[in-house]
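Good morning, and thank you for joining.

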Amino acid sequence: MRKYILLIITFASFFSSFQVISAQANAIETEITDSLYSELLEENREFWVKFPENYNPDSSTKYPVVYLLDGFSLKNSLEAVYENYWGHYLPHMIIVGISNRTNRVRDLTTSQIKMRRGSVMNENTGGAENFTQFIEKELIPYIDKKYPTTPYRTLIGHSYAGLFTINMLINHKHVFENYIAIDPSIEWDDQNFLKEAKQKLTSENYKGKSLFVSLAAEQLHMWNEDITIDNIMDDSSEFTLFARSIIDFSTFAESEKQSGLNFYWKVYNEDLHGTVPLPSMRDGLVFLFKWYQFKSPQKYNNPETTVEELMELLGKQEEIYSTHFGYPFPPMIEEMLSGYGYMNLEMGQPEKAFMFFKMNINYYPKSASAQNSMADYYETKNDHASALKYVTKAFELSGENKYKDRIKELEGKN
């Protein structure tokens, strides 16, 4: 048992180091700021695009996409979550952060109103439909044409953008597969959209779609601290309408099983409206991609698991991924296939190591790193001719001097 635990710890330590080395070795620009002139909005719209850690512009690999509304103000929160959870919890994905720094209320609200919470609305409102058309007809086609994306998309929005996110699901469900609505302003326009959403959840089919909703409950009433999550639904004041609307929608969506919607919501008792995006993104993405998490991870680390058992596990994992994404998808990301290969080399199980390295090349044939890993395997077998073949391929794919130097080293051993 002690040996088994040590093997898990050793692999965890090694894989962490491998990620750092891999990131350093592939010093490719992974983030850019871009913009697009919108004929629909009649203005220029800025956005940023962040590529995953294994991004290679010369590769044919394509990625699911996460679209983040209020992309510049919430950028750090989403990046922190993604960078800590990709691998076991989340796939490699492209993240697109859309600017809502101008005309925010206009673009994100679902109907025109003149008054809100007893005050005059001086901003334009009710432009969500037009902004939806911009995202669907202009932005997404632009992103898909310019960057290596797949049709599997996730939308994240906070506050007004959370209202917009739920509206996108309810009325334009074909655009995205996943939705995260963070403390959404679903009380908008005297709950008119809330009523529409409840009606459609009753009458329409949302099978294959997933929604995570959050509520910040640290301050449920602006003045009355006696209002809590336990008694808020007994209050009828304007001050609690925001939170009551989220609770109303969420409990209703949770009960409408026939809608087919994969739904979950969470109350954050110690968070305010401004602090809740970070934990909501973490919990929301983990929920949306729960199916992505490895099945039986202990068996991959157990030295007693046979090659045949590993192949069966990987085959099932690939089937799960391909079914959910809707297109062929590898059972592991490149870094993990390589990591398990090296772990098994260290454990003295070359047959397993070879399986992982070979699978890595099969799924990522244009990866110089995958080719080089197989060379490492053959060097442990003192088969320098085979090692040279794979290092040569790595150099042909990348042109990196480190592989050129290794070719010379291996040629001297033959």
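**Helix H7 and the cores**

Helix H7, residues 241-255, comprises 15 residues and spans 21 Å from its first C-alpha to its last, close to the 21 Å expected at 1.5 Å a residue; the expected span is 1.5 Å times one less than the number of residues. Helices (H or I, at least four residues) and strands (E, at least two) are DSSP runs, numbered from the N terminus.

Please note that this is a predicted model, in which local features need pLDDT of at least 70 and side-chain atom pairs count only at pLDDT 80 or more, while totals for chains, interfaces and linings use all residues. Residues are numbered from 1 along each chain as its sequence is written, and side-chain values use heavy atoms, with hydrogens and water left out.

Which residues of H7 are buried? Among them are Leu241, Phe242, Ile246, Ile247 and Phe249, where buried means under 20% relative accessible area, with a 1.4 Å probe and protein chains only. The buried residues of H7 pack against H5, helix H6 (188-203), strand E9 (210-216) and strand E10 (262-268).

I turn to the nonpolar cores, sets of buried Ala, Val, Leu, Ile, Met, Phe, Trp, Tyr and Cys residues joined through side-chain atoms within 4.5 Å. The largest has 59 residues, and Tyr67, Ile135 and Phe249 have the most contacts inside it. Helix H5, residues 160-171, gives the most to this core, namely eight residues. A second, separate core of 47 residues includes Ile156, Met281, Met347 and Phe356.

Finally, Thr132 lies in helix H4, residues 128-146. Thr132 counts as buried because its relative accessibility is 0%. Beyond residues up to four places away in sequence, Thr132 touches Phe164, Met168 and His172, contact meaning heavy atoms within 4.5 Å.

Key. Buried means under 20% relative accessible area, exposed over 50%, partly exposed in between (1.4 Å probe, protein chains only).
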